[in-house]
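Let's take a walk through this protein together, from its overall fold down to the charged side chains that pair up. Have the sequence and the 3D view at hand as you read.

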Amino acid sequence: MAKAIEITDANFEEIINSDQPILVDFWAEWCGPCKMIGPVVEEIAGEYDGKAVVGKVDVDANPGVASKFGIRSIPTLLFFKNGEIVDKQVGAVPKAVLSQKLEAQI
């Protein structure tokens with residue numbers, strides 16, 4: 001089963017320009033709601049393997065990407081298509097909400 005890929009300041013541009021829809025989870029180790037949604041993001045990564053790219057950005061280790069998108073609250077999940085943000089979700093939500101937003105981009 002596929003896992004969410006680690007996205008960093010260094011590889012962000014390369015990953016974001018994929019021809020597949022992308023879900024990016026901005027999170028931090030100390031964030032309670034991030035720990036709640038983390039396993040859900042991993043499940044989605046497995047289910048959408050081959051149809052979408054699912055990645056995670058540790059905001060403490062990669063402040064460049066987080067500041068580029070003005071991430072102030074975590075977890076924040078951004079949905080990209082063709083390198084552009086097409087949807088956004090702030091806070092922990094049920095898996096169905098994330099799946100539905102990702103499905104809309106496929």
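**From the fold to the salt bridges**

Of the 106 residues of the protein, 48% count as buried, where buried means under 20% relative accessible area, exposed means over 50% and partly exposed lies in between (1.4 Å probe, protein chains only). Keep in mind that this is a predicted model, in which local features need pLDDT of at least 70 and side-chain atom pairs count only at pLDDT 80 or more, while totals for chains, interfaces and linings use all residues. Residues are numbered from 1 along each chain as its sequence is written, and side-chain values use heavy atoms, with hydrogens and water left out.

Now trace the chain. Residues 24 or more positions apart account for 69% of the contacts with a separation of 6 or more, a contact being heavy atoms within 4.5 Å.

Next, the charges. The structure holds five salt bridges, each defined as a side-chain nitrogen of Lys or Arg within 4 Å of a carboxyl oxygen of Asp or Glu. Which residue does the side chain of Asp 25 meet in a salt bridge? Its partner is Lys 56, at 3.1 Å from N to O. This pair links distant parts of the chain, with Asp 25 in strand E2 (residues 22-27) and Lys 56 in strand E3 (residues 53-58), 31 residues apart. Asp 25 is buried because its relative accessibility is 0%, and Lys 56 is buried as well, at 14%.

Move on to Lys 95, whose salt bridge with Glu 43 has its closest N and O atoms 2.8 Å apart. Lys 95 lies in helix H4 (residues 95-103) and Glu 43 in helix H2 (residues 32-47), so the pair ties together parts 52 residues apart in sequence. Lys 95 is partly exposed at 23%, and Glu 43 is partly exposed at 34%. Glu 47 joins these two in a network of salt bridges.

Finally, Asp 87 forms a salt bridge with Lys 101, their closest N and O atoms being 3.1 Å apart. Here strand E5 (residues 84-90) holds Asp 87 and helix H4 holds Lys 101, 14 residues apart.

Definitions and conventions. Helix = DSSP H or I, 4+ residues; strand = E, 2+ residues; numbered from the N terminus.
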